[in-house]
Each structure stands twice: as structure tokens, then as C-alpha cells.
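User: Can you walk me through how the pieces of this one pack together?

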Amino acid sequence: MSQDPARANDSSRERAREGEAAARRASDPARAIDTAAASSAVLGVDALIDDPGTRIVVCCGSGGVGKTTTAAALGLRAAERGRKVVVLTIDPARRLAQSMGIDALDNTPRRVKGIDDSASGELHAMMLDMKRTFDEIVEAHADRERAATILNNPFYQSLSAGFAGTQEYMAMEKLGQLRAREEWDLIVVDTPPSRSALDFLDAPKRLGSFLDGKLIRLLTAPAKLGGRAGMKFLNVGMSMMTGTLGKLLGGQLLKDVQTFVAAMDTTFGGFRTRADATYKLLQAPGTAFLVVAAPERDALREAAYFVERLAAEEMPLAGLVLNRVHGSGATQLSAERALAAAENLAEARIVDQVGGKAGLRNSPDTYGSSEPPATETAVPEAPSSDAGSPAADRTSADGAGTDDDRSTKGSPEGRTVEQLTAGLLRLHAERMQLLSREQRTRDRFTALHPEVAVAEVAALPGDVHDLAGLRHIGDRLAADASSAEAS
Amino acid sequence: MSRLQVVSGKGGTGKTTVAAALALALATEGKRALLVEVEGRQGIAQLFETQALPYEERKIAVAPGGGEVYALAIDPELALLDYLQMFYKLGGAGRALKKLGAIDFATTIAPGLRDVLLTGKACEAVRRKDKRGRFAYDYVVMDAPPTGRITRFLNVNDEVAGLAKIGPIHNQAQAVMRVLKSPETAVHLVTLLEEMPVQETADGIAELRAARLPVGRTIVNMVRPAILDEADLELARETPRTAVAKSLSAAGLGGARRGGVAERLVEPLLNQADEYAERYALEREQRAVLQGLELPLHELPLLAEGMDLAGLYELAKELRQQGIS
């Protein structure tokens, strides 16, 4: 199971996919569930972004899994396939933003130049300015004088500059605004790097319910409330509370809060309505959620959690984008056999040069070398990772690795093809171990959520920071489905 | 050695893992460390393979040589009720506040209060002494918010102290700030040898320094083993494929002739070497950037078998050997 070759990133994957695809064709191609535990349905990215019914794609997932890159790559691909697209990013890495020409944070979608517009699509991109978005809502809902009072209030200024929940709420608010303008066929939105998946879904509701909640009404109009029948206990609670809050926060801050709340009073209804509308928009048929993850334990655990949460909120999940999946063109050679073969080459050398120190030293298995090779095959990973990188050696107390590195670097001319081959085999063994680890993590997710369609994106050795790189990611995103459908 | 060790890093770099390994490393030889979680993700519980942590300090691991690691998942709502109880003996009124949504309001919307409560609780643990006047914990390690938010998170007390100009919140914020800006605190950043995390680390350090928060160390996590070196890579470029095929065949992997089992391995193996070479070059560049930051730099290996409890002890050992504790 762990050696399943289906995840190779080249032609061998296509061969491997043929069998799975044949099994899948029997049933619904989009949502098919393989009976085999190790594989789930393939997410058809092109079908999703080409469908004129798809108006919003939300990319979500934990931090560091390539969410923003995925959103940008999807947007570019959709635009080059003829749709008019806007990508809303929250906090893009500088060079990625520059690649799309949106390094200026001005809260307005800008047209991205340099895309292939032969299919007459357009790509626009924008970076969310949280404070600006908040200010705009205030300006839209309050008259000029009141708006000025709010905008100048110290409490408001802190709130809008980004405390827990504001960024999430403003991202959804901006999404609602963009959708309402009806200017784009497709909006691709990246979600904030929330501390947990929950925040992003909760934010609209939470902020909405606070802004016209009991507490706010208490702060704004205590007398009115106290007068109502059955609300007397609130009056007691209220005086105790404003007293406590006053003591805790200091009188000035409480006053600021009250001024803020009073000034905002008329706009609360608007806030609540908008939060509800955005929430409904997310549930609407034109919206598709993509959960983004990497084949790592934590990222997939968050992904599983997200899948469950989206289901609970009745949000439409299109599937899982699994980034940075490793493959190999030589999956037929297992890690164990590769290591055994590398051992064979090292042994042959030791025999060749009697007492030959070079052969021994160049092997990363220096400390295991007194053991028989058969038992060694399982462990060589440990010594080689200890040897680590040059910097690790400097700080590491482990002297063996350091000596090893220096002696080999000093005499590159002494290297033989056997040593190179042994190195290639150890590299392959490392790759195969990585593959099986990724597969295990993935299997765990699939066992929990066999219904979730998956698009795998093969790992790139470097980072992406131009349109060509994004296009390449888009190709890889779509390749998974097309290789499955081709057969 | 700073007694409050704050661990931040870009999402996905393994900062929770590093924080936990650091706590284990610091607890070695009879010391006591408290590992604090502030983001409600229960990452520590998952790492130590225990059930979800309550808002209560409890022992979760024993370090080599008899030290102890305690853990605490700080819940801002409960922390606020704690404070109210401590300062005002509120009792039932605390529950009334909760019912009204005031607690919810205070911990979610009120500017920075949530962050003040979290850092405040950690600082309280740093300062706490037992009956005999010794510190309750030798070290407090905080699994902090990611690099992009860390300066704001730690500095929020300054902002709150400005907003709430008098009162206990003001005093509390100032007291916390005194600890956070003193040599008692060190903020470490966890990164990977990749462009985006390294860039974010550099930006994060600049922000921390601008805010006069004490920056500690840079820790590179999940460093992949150096399997091939320059000489190997050079040889890989120059060696004829037939020679590699012969050598593979000699290693017992089948025929070296065209179409033979060993010959068919040559292309994919050399492709992997090319990918490795590209990554190797990128990693060297990123390492140079990190070295330019002029902070102590540590590297932790990628664990081949994935992260588990045994791996955590391995990383703790590595940190000790690298002189971090």
C-alpha cells in the first residue's frame, strides 16, 4: 500500500492511473468513490473553473500549505481558459504579489498584465486592506458627520486595525462586495492565515451578533432596557457590569466604547444584514470551497477538520487540493532494495582497496559499518540526517558527520562512479521513504473522508514567483484529473 | 538564559514541535518547564499523544535526568474570569457577565484584550514563586502565534496601555510589557530552508527589533539530509549514463544494456539528482540569508519516520547538543 506508484509525477503516474480511472468510469466521474481505501475520487479542477455556474471559489486550509499560490494559480488558469476572474488575496508573499502586479495595497482590483488572453479572459487581482474595507462600510452606512465620529474614535481605530476576527470578517465582506458588483465571472478568494479553521467561518456571525447583541444595547441605552418588564435583572447586571468594565478598562476607554457604539448604532442593522448575506452567499450553489493541504500530518488533520466543519455549516465543498506531493520515476525500486544495492557498491569498494579509508568515509553509514549490511538497510537514514548540512555540523556536537563531509569535499577528484551511484540510490531511498510517509498520511485522511475528491499537485523543487510558475502550478493542478480521464 | 522563551514561526514550519522540544531540552536535569499554548489548537496534546489539555497546568512529560514538563492551554475567557475573580472577587457576577456576552465581547472584540490575557497569564507563570520563594517554573516556553502576527501579539500590551490610560488593565498591560521587553524574554523564530519562510523570518526579526522586543535565535526545522555533495553533483553531470547503468547492474539491480532493468533506472535516478541539485542550491542561498541575520542559528533534522513522541525527544537532544539550553 505504501509503495503505491500512483503518485509519481511523470508518465508512470499516467500508467498507474489507468487502472484506477477504469474502475472509476463505471460510476459518476465527478464524485466517484473508489472502494480501494488508498485512493479517492479525483477532483476535476478544469471542470470546476470552466463551469459558468461557478462564481466563487474559496481556498481554505492551515498556514504554510500554499493556499495563496493555489488561489493565484487557479485564477490565472481560469482567466487563460476564457473567464473574467478576480483573485482576492489576504496576505500574499511579497514576490508572489509582485508577480501579479499587486504590490500596492490599495484595496482595488488591478488587471494583471502578461497573461495569455487568446481565450479573451481577464485576470484581476487585489490584496485586502482590512482597515480600508472597514472604513468603507462605515462610510456607506453612516452620514458624513457620524462616519467621522466613528472613524476618529480610538476604540474603532484599534478594532479596525486588526484584532481577532476583523481580518476574517473583512475578507468575507470584500468578497460580498465583489460579488455584488457582477463584474466578474469568477472570484477566487484566499482565506486569512487563521489560528484555526473555525475563525474564518465564525467571523461574520460573531461580529454580526456582537454588534447588535445584548451587550451593545446595554451600553447604548441602559435606561430603555431597564424599563422593560422582565428585563429588570439585566439592569442589575448592567450597572454591575459598566461599573466593572469602568474599573477594568479605565473610564476613558469605556467612554470611547460607548461613543463608538452610540455612533455605530444606526449602522448595526446593516452590519448584521451584511454578515448574514455573506454567510448565505457562501452556502449558495455558485460557491465552491477548496480545502488546501500538504501531505503532512498537521496540515491534513486541519483539512479533515475543515471538511467536517464545512459539512456542518452546509457549505459546498468541491474537494481537496493536496500540494507538494512527491513522486518518483522509479517507484519499482523500493527504498530497501535501493539501500541494499548502495551497500553492495560500498562493500565492493572496501574489498577493492584493502583498508581503503576513502570508501568507508564516503559512506554516510560510517557508524553502522561494523554491522552486517542486512541489518543496516533499515537505519541509514539516521546517520545521514545527523550529518545534516554544513551549518548543522558546525553547531552539532556530532563529530562523525563533520569529518565525513570535509574529507569528501577536499578531494572531489577521488570520487568514483560507484560512489555516485551509491549516492543516487540513497537519494532514491530517501525519496521512497518520503513517498510512503506521504501516502500513509493521505490514507488516514482518505479513510476518514473517502467522499472528498482530491487534486494532487506535484512538489516543485523551488518557490513560485512569476506568472510562468503559477501557470505551471495550474497545469499540475489540472493534470491529475486529465490523466485520470484520458484513459 | 531567558526564563520566558517565545517560539514563533511561519505556519507549517513546525513551531509547536520546536517549542515542545525546547521545553523538554530546558527541563533536563531536574529543571521544571511550563509549555504554554495560546491559540486553542490543542497542538501540544496531539504532540504528546495525550487527551486535550484543560485550562490547568499539568505534567505531560518527564525529561531525561528527572526534569518535568508541564503544559497549559490558555483559554482567554477563563483567564479573564480568573482575573476578575482575583481582582474583584466577583463570584456569581462573573457568570452574569458571561451570560450577557460581556466575556465573549471582551475576549473577542475588545481591542487586544485577548492577547493581553494570553501574554499576561504566561508572564504570571514566569514570575510565580512557591512558598519557599523559588520560582515555580525555571522556564516558560510559549507556542506563540505565527511570525506575521508575533510582534503585534507581544506588543499589544503597549497599545492597550495607551488605550486604557488608567485602571488595572492599564497596570497589567504595563507589567506584562516590562517582562516582555526585558532580557527575561527571548523570541525565537522557526523557519524552513525555503524562500517564503526565510523572507518572513527576516521581516519578523526586523519588526521585533523595531518594537524593541528581544530576539533570541533562528531555528531551521526539518532540514533534509545532505546525501549528495558538490562533488557528487558534478560527477552526476559528467558521468555517461551507460557507466551509471553498469554500476547499478553491478550493485545487483538487473541488466545494464538498453532496456534492461538497471538501465531504465538511470534516467529517473538522475532526474532526482537534478531536483536535489536545484534544492541544494536554493537551500544554500537561504542559509546564507539566515546567517546574515546575525542571530544564533540552529538546525533540526527532518525525521524520516515523521513526527512522534520519540522524535520529539530526539529533537530535544539535538537542541541540547547544539547548546540551546
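**Helices, sheet and domains**

Analyst: α6(B) passes α8(B) in a left-handed crossing. A crossing is called left-handed if the near helix is turned anticlockwise from the far one by less than a right angle, and right-handed if clockwise. Helices here are DSSP runs (H or I, at least four residues) and strands too (E, at least two), numbered from the N terminus. This is a predicted model, where local features need pLDDT of at least 70, side-chain atom pairs count only at pLDDT 80 or more, and totals for chains, interfaces and linings use all residues. Residues are numbered from 1 along each chain as its sequence is written, with chains lettered from A and ligands numbered from 1 in the order in which they are written.

User: At what angle do α6 and α8 of chain B pack?

Analyst: About 60°, with the axes of α6 (residues 113–127) and α8 (residues 167–180) of chain B 9 Å apart. Axes are lines fitted to C-alpha atoms, for helices over the stretch in contact, and angles run from 0 to 180 degrees between N-to-C directions. α6(B) is therefore oblique to α8(B); angles under 35 degrees count as roughly parallel, over 145 as roughly antiparallel, 65 to 115 as roughly perpendicular and the rest as oblique.

User: Which residues of α6(B) make the contact?

Analyst: Val116(B), Thr119(B), Gly120(B), Cys123(B) and Val126(B), against Gln172(B), Ala173(B), Val176(B), Val179(B) and Leu180(B) of α8(B). Contact is C-beta atoms, placed from the backbone, within 7 Å.

User: OK, switching to chain A. How does α5(A) pass α6(A)?

Analyst: In a right-handed crossing. Helices α5 (130–141) and α6 (144–152) of chain A pack at about 150°, axes 8 Å apart, so they are roughly antiparallel to each other.

User: What meets what there?

Analyst: Asp135(A), Val138(A) and Glu139(A) in α5(A) meet Ala147(A), Ile150(A) and Leu151(A) in α6(A).

User: And the sheet in chain B, what's the strand order?

Analyst: β3-β4-β2-β5-β1-β6-β7-β8, eight strands in an open sheet with mixed pairing. Strands pair if DSSP finds at least two bridges between them. The edge strands, each pairing on one side only, are β3 (58–62) and β8 (297–301) of chain B.

User: How many bridges join β6 to β7 in chain B?

Analyst: Four, and β6 (185–191) and β7 (215–223) of chain B run parallel. Val187(B) stands opposite Val215(B) in β7(B).

User: Last one: what are the domains of chain B?

Analyst: Domain 1 (4–224 + 302–321) and domain 2 (230–277), with bounds from an automatic or database domain assignment. Their centres, taken over C-alpha atoms, are separated by 50 Å.

Key:
Two residues are in contact if their C-beta atoms, placed from the backbone, lie within 7 Å.
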